[in-house]
Structure formats: C-alpha cells, structure tokens
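Look at the sequence and the 3D view first, then read on.

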Amino acid sequence: MSDQNTVQYEGPAGGWGSLRGITRIFGDEWPTPAVLDTLAHQNKPGGFMCTSCAWTKPANPNVVEFCENGAKATIWELTTRRCTPEFFEKHTLSELQGWTDHDLEHQGRLTHPMRYDRASDRYMPCSWQEAFSAIGTELKTLDPKSVIFYASGRASLETSYLYGLFARLYGNNNLPDSSNMCHETTSVCLKKVIGSPVGTSVYEDFSTCDAIFFFGQNTGSNSPRFLHPLQEAVKRGCRIVTFNPVRERGLEAMINPQSPTEMLTGHETPISCQYLQVKAGGDIAALMGLCKHVLDRHEKAQNEGRSVLDLDFIERHTSGFDAFLETLRATRWDEIEQNSGLTREALQAAGQVYVEAERAIGIYGMGLTQQVHGFDNIAMFVNLLLMKGNIGRDGTGISPVRGHSNVQGQRTVGISEKPELVPMDKLGQMFGFDPPMEKGMNTVEACEGMLKGTVKSFIGLGGNFLRAIPDTDVMEEAWTKMRLTVQIATKLNRSHLINGEVAYLLPCLGRTEEDMQASGPQTVTMEDTFSCIHGSIGRRKPASKHLLSEMAIVAGIAKATLAENPKVKWDEWLGDYGLVRDLIEQTYPEEFHDFNGRMFTPGGFYRGNSARERIWKTQSGRAEFTVPKELSAAGFADAAGRYRLITLRSNDQFNTTIYGYSDRLRGIEGTRDVLLINPDEMARNGLTEGQIVGLASDAEDGRDRFVGGLKVTPFNLPDGCLGGYYPELNVLVPLSHHDVESKTPASKAVPVRIVASG
Ligand SMILES: Nc1nc2c(c(=O)[nH]1)N[C@H]1C(S)=C(S)[C@@H](COP(=O)(O)OP(=O)(O)OC[C@H]3O[C@@H](n4cnc5c(=O)[nH]c(N)nc54)[C@H](O)[C@@H]3O)O[C@H]1N2
Ligand SMILES: Nc1nc2c(c(=O)[nH]1)N[C@H]1C(S)=C(S)[C@@H](COP(=O)(O)OP(=O)(O)OC[C@H]3O[C@@H](n4cnc5c(=O)[nH]c(N)nc54)[C@H](O)[C@@H]3O)O[C@H]1N2
Ligand SMILES: [Mo]
C-alpha cells in the first residue's frame, strides 16, 4: 500500500524536531535553572541514571548523553508544580476520575502522605507514622496469600531486593511487576531455549555486526539513544532490516542532534535498507520465510561444496534441528505469505541479507512479546539466529530491548512470582525464616484474583497498574472491593483514584533527588538492557520536605507489619544502602562480587550471561530449536469485519504518563483519540477522514467492550490492521488475551470491529 493520502511525518528522527520536542516541554514545565545541571549529569558515571528507558549508558558518554524522551522524563520529575493537600481538598476522587491521564500527572509532584477518606471521597493528609501503622495493622489481619506486591520497573536494585524480601518474610511470592505486561515472554522463552532469560548482545557487538534484524521495536520513540550506534553501524556498512506493520520514522532515517554538521546540512542517514510491513501477529510466518530462504541457499551452496548453515555449531551446540527442518520443509510459501502479509520475494530479499551476513544481531520489542503466541515469535527468532551460529560470538546475539530503566534488574534481585527463580534457601539462611515456596501471582493472575474476590489487597511500588492492565473497565469495578490499597508514587495517576476500603497514597523521592539517610547521601543502582549495573546519585533538592525514599517507605511498612527478627535490620539498612548491596552480593555472589567497589565502573559492570559463553542452561544442556504451534501469532481466526488492533505508544508519552498530544514522528497532532486505518480499508468500510467512530471487542468470549469517540485517521498500515493508543484502548484488550506461556497481555493484535460511535 502506498504512503499517499496518509498521515505521516516527513522529517528524520532526531534532528531539530527532537530539540523542539524538548523545548516545548521546557516552555510549559520550566522547573529551575538547576535542571540544566541535572541533564548534564544524566547517564554519566557519577551522575544519575535516566528514569526513562533501559537503554545502556556507555563508558564514553557524549557531552549530552540524553535523548528527547529522557529529557522529557527528567523535566517531568523536576517540575515546579505541586499536587498538595489543598488540591485534594478541592477535588473529590469521583470528580478526578473524569480527568485525563495527562491532566492528573500535570498537577505535579505529590507532596504529603495521604489517607483516603471514604465519607468525603477525598484524600486527607496524614503522618507517615499513622500511614505505616494503619497499613501494618491491616496487613497483619489479612491472609498473606491475598496480598499483591506489585513493582513497576523503576525502583532501584536496593529497594527491589528489600521489597521482595519483605513479601517473602510476610508470607507470599505475589510479586508481579510491569515486566509481566512487557518482556515476560522474553524471560520465559529465552530461559527455555537458550537457558538465560535476558539478551545475549552487549554494546560493543553493534560495532562489529554485519546485519541487524529488527522486529517490533520502535527505537525512535522508545530508546532514542540507540539510534546513535545504529547510525554508526549503517555508516560502516552494516545492513538493517525491519519488520513492523507501522513505518516508524526512527527506523527509516535519522539526523544526529549531537552532530552540528548533520543538524545544519539536514543530512540524514537512512537506517533500514529493507522495511517489511508485516501484518500484526504475522512474525512467526515471516521468520519461517526467512529460515526457509536460508535453508534453500544452504542446499544450493552445498552443491558447490559450500555451507550457509553453521553445521558445526548446530551439531555441537543445539538440539531439535531435525524436527525444525521437517517443519520448515513442510511449510508452504503460500501459507507464509498469507499469514505474514508479505510476498515471497520480499522475504527472500530480507533472507538474503541474513545469508550474506557473517555476524547478525536480532532485536525485538513489544511487537513480538505482546502476542498470544509471543513465545513462538521469540523462539522462531532464536531458530533463525541458531541456524548460522549467531548467538555467543562477538557481533551477534538475541537482543530484547527492555522497557523501564530497572525492569530487568528487579527480576535479577528477586522480584518474581516464581520461587524457583530465586535462591530461597539462601534467603532462608541469611534471614532465619522459611521462605514461602508456593508460586505467587503474576499480573494476569492478580487481576483474576481481584475479579474472583480472593485478592484483598494491593501494594504498588510505583506504576499505574489499573491503567496499564487489560479490561480496565471491569478491573476498576473489582478494585473497589479490596480491603487495602497502597500506592507509592511521585505523581497522581488513575490508579490512585479508585481505592479499596482502606487506602493510602504515599509520595516518594524521584531518582534525580538527593536521598539523605543516617550515613549521608545515598547511591542507588540499576541494571540496563545489556545486563550492565550502574550507580546513580540524585543531587536535586527533594520536591517536598515530607517525601521519603522508596527504601524508607518499604522499610516503614515492613517494620510495622513483621515480627521482630534479629537478622532483619531495617533501620541499619535504611541508614546505609551499601549494606543492602552487601546483602545482594551475598545472595548472588557470581554476578555481584565487589558490588560496592564496582558500581561506578564507566559503562557499568557486566553481570555476565552464560548463553553468551555458549553454556546452555536449558533442559537439554543445548540451545533449542523449537517448532511453533501455529503460523499466526495472533491467536484468533480471521473473520469478516474483524480487525487486529495494535495498541501503540506515541512519541509524547512514557507508558501511562502522557507528556502531551504530539506524536511527532508519526505526524499525529492534537489528539490521542484516533483510529489509524489505511485508505483502502477506509473505502471498504465507507469511512471518511475525520469521521468519529467506535471500536468494539470481537473476542470470542462474547463480552461487550467498547471505546467511542475515535477520529478516523488515514495511516499507512497493512490491510486487516488498525492502530490506536495505549492506555486509552486497554478497555478493549480481554484479560484472557495473553501469551500462552508467560501470560503477557497480547496488546499488539487485539480482535476488534469498527462500529458507529456511541
Ligand atoms: N518515550 C518512551 N520510551 C519508552 C516507553 C514509552 O512509553 N515512551 N516505554 C518503555 C517501556 S516500559 C517499554 S516495554 C518499551 C516499549 O518499546 P517497544 O518495544 O518499542 O514497544 P511499542 O512501542 O509498544 O511497540 C513496538 C513496535 O511494535 C510494532 N508492532 C506492533 N505489532 C507488531 C507485530 O505484530 N509485529 C511486528 N514486527 N511489529 C509490531 C509497533 O508498530 C511498534 O513500532 O519502551 C520503553 N521506553
Ligand atoms: N494496551 C497496552 N497495554 C500495555 C502496554 C501496551 O503496549 N499496550 N504496555 C505494557 C508495558 S510494556 C508496561 S511496562 C506497563 C506499564 O505499567 P506501569 O509501569 O505500571 O506504568 P507507568 O505508566 O510506567 O507508571 C507511571 C507512574 O509511575 C509513577 N512513578 C514515576 N516515577 C516514579 C518513581 O521514581 N517512583 C515511584 N514509586 N513511582 C514513580 C508515577 O506516579 C506515574 O504516574 O503497561 C503495559 N500495558
Ligand atoms: Mo514495558
């Protein structure tokens, strides 16, 4: 389909547009001159680590080592606006429920601990001691199995370690985190097929690879600093091939805002040499096509005595290759074309780039993980890489791009609902208790428990759970039936407006702010997407003198809840976070030896990855080829009038934090209430540009779900696919619509139909 008559952005990613994006926020949100000083230290050794994405922080940072969206995140945290008790006196929570996500967070930083008063439907200020002791009293009465300890992927390694310990001392493994809605598919799949739950590439691999395959990751918006190594790679001849239903500008071309010449001349670097607009949910088939082409070339080469496959690697390091070959041979090109929405020729051309590359990296994001057969998407990607030995060599690897700045690290230090992933014996010895061994609830299971009424309490360490999960309408209703809800947050969001019987909103320091404890100002640490650990020091004056650090809040609640235990020293740990790093080191000595000594290593210290060394901690002791269950990842059949809805992030949001209404890189301005659809599909449905329509669920559970008021916007998308924004469209995602293996909600191919707006 052509780009004509569709909304689009002609400029490159980066460039002047990104600077305008930052200054627009500056203009509106100008905090203090100190913000410039803070930005100057962003992502630098001795500075603080950006609160935006999990992209790595290089050892030799640029003078300005932040991007448009990292700057927005910092400025958003350093705002001079304050959301005070006076604000809550003026507004009931029922009234605030009518506000947009943007308007709620735009009130600025929360300043006081608040207790929800049901009679007046308002938050009232309270003391920290009152909050802790009321929460402790409630938790002591509740059955530990009915309490959820959620974490959004920002809290530091130190806080996360103690949060996990608190849940286990209390008596459960109910530790879902935002990863459950994000890269849980990765953690489950990579663990199964290569024996390590995280990516195998490191930053240096981007300097030596010959090809990069990109599936369903939007670098320009979600990890913009990644565009620099990509641009460098292209300049030295590396070829990039992208699979994405949307033509994302960042993967088409960029101008480096840090290069005066490029900025002045407008010279842009094309990023992808081939861009394949795969159908949403079409990646298993597309990858099968690539693999089929590799096999075909291999068989031809064999006639000439050459080899395309890395037969030695396959023989020595993998299992399951024969079954995979059989499936590959049995899968027909017409099935592949139909399921991927791509032609055989296009797939062969892409496959040829792979055949010719000596070293290839596979990158992916939510386009692969948030699918019903997301596991098979990733397993197929690994199959492709294994065919040519592209895991465990320099310049190669499987590389999921993680979301929140410490989401990977939270899992590393024990925030997991799966007890088998945590060294429980060791925790038991260190802290003198019997850790719970029963599997805890992940995000979807926690929601199911709330619907059934078995979950009675939710503690949220950051995030906006109620807005980020599927079936948001139904979940909001169930939420109010809980006994206790506690939210630890920096800014007001919708999850704070819908409360259990007893509810507290507890404001915390942000990562840019000074965290002063008994032993002096504290450092915290984070793990990036390449498994490198970095220290981070906040230097700004806290937004309010009533704020506590996340660590202090977790310790405060824990102390008020748990019985005395001489081995559990909340006050000492809170006084010196270095002691918590010692505990982490003791628990995970292999990865974290000399933790305190190494935390300021430029570029972070690498905690290692067995699969990178070609040590496969899988069931078979080898890397595993797998056969996908189906050719479509969507998990539902096509039907007349049924579309695959992709829920997208704009360039002007960080998850449910909506900075503004300019999705600059897609040319969509002024509103988020849009239905993106291609002109041919518009014509088929008799729709006109600007018309207002609705979307209804077309899931087979028969439940009514509806979102109205969407403006028809012509957009370059494959037939059968629609686009719109997350979180507004989460009402349409059924809770039961998730990856089969990991239960990650399948937000990237949601069955819907177009209806007249109500
Ligand atoms: N500025 C900013 N940065 C962020 C975030 C943010 O919201 N804003 N969020 C953070 C978080 S938590 C995360 S997890 C990451 C998310 O970063 P990404 O992994 O990039 O996630 P999305 O933007 O949701 O979707 C990625 C891409 O998948 C494509 N896609 C959709 N369906 C399919 C499909 O079936 N196949 C393929 N091949 N592609 C598909 C979409 O068009 C989109 O370009 O970013 C992190 N960084
Ligand atoms: N339909 C659909 N749904 C999705 C997705 C999708 O692509 N489509 N993506 C999913 C993904 S990948 C993710 S990760 C989840 C995101 O889910 P969450 O991580 O739960 O949500 P966020 O929007 O990142 O949380 C924003 C809130 O975090 C709080 N906050 C910010 N900084 C701090 C801090 O330093 N400390 C504390 N304590 N609080 C802080 C602020 O109050 C802010 O309002 O959403 C998921 N939901
Ligand atoms: Mo995420």
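This is a predicted model: local features need pLDDT of at least 70, side-chain atom pairs count only at pLDDT 80 or more; totals for chains, interfaces and linings use all residues.

Residues are numbered from 1 along each chain as its sequence is written, chains are lettered from A and ligands numbered from 1 in the order in which they are written, and side-chain values use heavy atoms, with hydrogens and water left out.

## Overall build

The chain holds 30 helices and 33 strands. These are DSSP runs, numbered from the N terminus: helices are H or I with at least four residues, strands are E with at least two. The radius of gyration of the chain is 25 Å, close to the 27 Å that the globule rule gives for 758 residues, so the chain is as compact as a globular protein of that length. That radius is taken over C-alpha atoms, and the globule rule is 2.2 Å times the number of residues to the power 0.38. Along its principal axes, the C-alpha trace spans about 75 × 60 × 55 Å. Of the 758 residues, 67% count as buried. Buried means under 20% relative accessible area, exposed over 50%, and partly exposed in between (1.4 Å probe, protein chains only).

## Pocket and cavities

Rolling a probe the size of a water molecule over the atoms shows where empty space is left. The search uses a 1 Å grid over the protein atoms alone. A cavity is a set of points where a 1.4 Å probe fits but cannot get out; a pocket is an open set with protein on both sides within 12 Å along at least five of seven lines. Lining residues have an atom within 4 Å of a point. Grid points are joined across faces, edges and corners, and a volume is the space filled by probe spheres set on the points.

The largest pocket has about 1,000 Å³ of space. Its lining counts 34 residues; Lys-191, Pro-197, Leu-421, Glu-591 and Arg-607 lie nearest the centre. Helix H9 (184–194), helix H20 (407–412) and helix H28 (589–592) are the elements that give two or more residues to this lining. H9 gives the most, with 5 residues. By class, the lining divides into 10 nonpolar, 11 polar and 13 charged residues. Here Ala, Val, Leu, Ile, Met, Phe, Trp, Tyr, Cys and Pro count as nonpolar, Asp, Glu, Lys and Arg as charged, and the others, Gly among them, as polar. Domain 2 (82–179 + 430–599) and domain 3 (184–405) each give at least three residues to the pocket lining. The domain bounds come from an automatic or database domain assignment.

The cavities of 30 Å³ or more number 6. The second largest cavity has a volume of about 70 Å³. Its lining has 14 residues, with Pro-45, Met-49, His-534, Thr-601 and Gly-603 nearest the centre. Of these lining residues, 5 are nonpolar, 7 polar and 2 charged. Domain 1 (13–77) and domain 2 (82–179 + 430–599) both contribute to the lining, so the second largest cavity lies between them.

## Salt bridges

A salt bridge is a side-chain nitrogen of Lys or Arg within 4 Å of a carboxyl oxygen of Asp or Glu. The count comes to 46. Three pairs are listed here.

| Pair | Closest N and O atoms |
|---|---|
| Glu-513 and Arg-109 | 2.9 Å |
| Asp-698 and Arg-642 | 2.9 Å |
| Arg-705 and Asp-701 | 2.7 Å |

Glu-513 forms a salt bridge with Arg-109. Glu-513 lies in the loop between strand E17 (502–507) and strand E18 (516–517), and Arg-109 in strand E3 (residues 109–110), so the pair ties together parts that are 404 residues apart in sequence. Both Glu-513 and Arg-109 are buried.

In the second pair, Asp-698 is buried at 16% relative accessible area, and Arg-642 is buried at 13%. In the third, Arg-705 is buried at 5%, whereas Asp-701 is partly exposed at 41%. A network of salt bridges also links Asp-177, Glu-184, Arg-411, Glu-417 and Lys-418.

## Backbone details

A cis peptide bond joins Tyr-726 and Pro-727, with omega about 5°. Pro-727 sits in the loop between strand E32 (721–725) and strand E33 (750–756).

Asp-121 is not a glycine, yet its phi is positive, near 55°. Asp-121 lies in the loop between strand E4 (114–117) and strand E5 (122–125). Its relative accessible area is 15%, so Asp-121 counts as buried.
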